[in-house]
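Here are my notes on the model you sent over. Have it open while you go through the points.

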Amino acid sequence: MSRLNNRHIVLGITGGIAAYKAAELVRRLKERGAQVHVVMTAAAQEFITPLTLQALSGNPVHTSLLDSEAEAAMGHIELARWADLLLVAPASADFLAKLAQGQADDLLSTLWLACQAKKAVAPAMNQAMWADAATLANMDVLRQRGVTVLGPAAGEQACGDVGLGRMLEPTELADLAEAQFQGRALDGKRVLITAGPTREAIDPVRYISNHSSGKMGYALARAACDAGASVVLVSGPVALPCPEGVERVDVSCAQEMYDAVMQRVARTDLFIGCAAVADYRPAQAVEQKIKKNAETMQIELVRNPDIISAVAGAEKRPFTVGFAAETQDVISYARGKLERKNLDAIIANDVSDAGIGFNSDQNEVVLLAAGLEQALPRMGKQQLATTLIDRLAHCMAS
Ligand code: PMT
């Protein structure tokens, strides 16, 4: 899998005949798993329409600094922060001069100044313009500021001249964009995560459930995605948005969660069971609302399938990690589950403390595996998830 998987690329397109190749470039970046937002200058729109780039990138195209509707959806500062790489391709002589001077009189040049991510340009212009002392001086300025210059290539030009100035081909540019990034801990890995509670129906209006908010599982999904993995999140009912780049499968009860997981387990490298799955369900889900005719009532419960044990016992088994939510003897109960469920690692979570565990923004856990006991102190769930994913990637590799 590509190092561009889940990377955020802002592609700036400026006015020049090579702008038509930007459409192909978007496709090459997308097929490597990158998420692409396109920003076009006014001149670029004379050569290729925003609609084409919108269809190919799957995102609205950004064209104006003063468009209040577009700014409300994703403002230029937000876009600058979102980017892992800002690539201007093609970059015209005029636009490169603008960048060298630090002008900010349109959306793309403003974004360039506001963006602290990696930056690259793919110049495209007539060979005489490229050889001009002013252009060469501008390129020196940009290189000194750490901008990566991709190309240009030599060859026949649209104007009939032959020489240096052609934009590099889209595939070459996508290769070079990929080379800007180091490998990440889970590059190429497929991760399956369960999160949230399950709901076990008593009748059409009542169910048995628990206090899981999904925050821990969703944070893990985001962290795995940031670490380069393709992530599927099988989620019980929660009120959280799906992290960008993650595929979410919504389920309600334990049996549905079991089915969704087992369908995918053969295509999984790392499974993390973070969901608080109900161990039991009512033996019968009554079809009509139960009337309160008696002072007491009894509900017979039957065992739900143990999802993580089934994953760990699968023929083509992923590296399998569980959580253990405990209120006492946390480490010894967690170790017991690690062995009984045949897991590779387990994350012991003391849920007796209301400040951590269920529905809190913070958590504090102990990572356990054969010969490993690592306490991770109290921190925000997103930060903890990033740390856990890093540690689990190490455990998988060793
Ligand atoms: O969602 P949050 O509000 O952020 O809270 C996070 C959390 C407290 C839910 C989470 O950190 C956590 O501890 N999740 C596991 C909760 C749990 O059900 O633990 P358990 O000890 O009962 O189960 C052990 C393991 O078996 C877990 O990985 C669980 O997903 C799995 N299991 C349990 C029962 C079952 N039928 N199938 C399972 O796969």
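1. Start with the helix pair α1 (residues 21-31) and α9 (residues 170-179): their axes come within 8 Å and cross at roughly 45 degrees. That makes α1 oblique to α9 (angles under 35 degrees count as roughly parallel, over 145 as roughly antiparallel, 65 to 115 as roughly perpendicular and the rest as oblique). Axes here are lines fitted to C-alpha atoms, for helices over the stretch in contact, with angles running from 0 to 180 degrees between N-to-C directions. Helices (H or I, at least four residues) and strands (E, at least two) are DSSP runs, numbered from the N terminus.

2. Who makes that contact (heavy atoms within 4.5 Å)? On α1 the residues are Lys 21, Glu 24, Leu 25, Arg 28 and Leu 29, and on α9 they are Pro 170, Thr 171, Leu 173, Ala 174 and Ala 177. By class, the contact of α1 with α9 has six nonpolar, one polar and three charged residues. For the classes, Ala, Val, Leu, Ile, Met, Phe, Trp, Tyr, Cys and Pro count as nonpolar, Asp, Glu, Lys and Arg as charged, and the others, Gly among them, as polar.

3. A word on provenance. This is a predicted model, where local features need pLDDT of at least 70 and side-chain atom pairs count only at pLDDT 80 or more, while totals for chains, interfaces and linings use all residues. Residues are numbered from 1 along each chain as its sequence is written, and side-chain values use heavy atoms, with hydrogens and water left out.

4. The Ala 89 to Pro 90 peptide bond is cis, with omega near 0 degrees, and Pro 90 sits in β3. Another cis bond joins Gly 151 and Pro 152, with omega about 5 degrees; Pro 152 is in the loop between β5 and β6 (153-156).

5. The other open sheet is mixed: eight strands in the order β12-β11-β8-β13-β16-β17-β18-β19. β12 (247-250) and β19 (372-380) are the edges, each pairing on one side only, and the twist averages 15 degrees from one strand to the next. Five bridges link the antiparallel strands β17 (residues 345-350) and β18 (residues 362-369), and Asn 349 is partnered by Val 365 of β18. Helix α13 (residues 330-340) packs on the sheet, touching β16, β17, β18 and β19, at about 150 degrees to β17.

6. Last, two loop residues worth a look. Asp 329, in the loop between β16 and α13, has a positive phi of about 40 degrees although it is not a glycine. Asn 359, also not a glycine, has a positive phi of about 60 degrees and lies in the loop between β17 and β18.

Methods: Contact = heavy atoms within 4.5 Å. Pairing = 2+ DSSP bridges.
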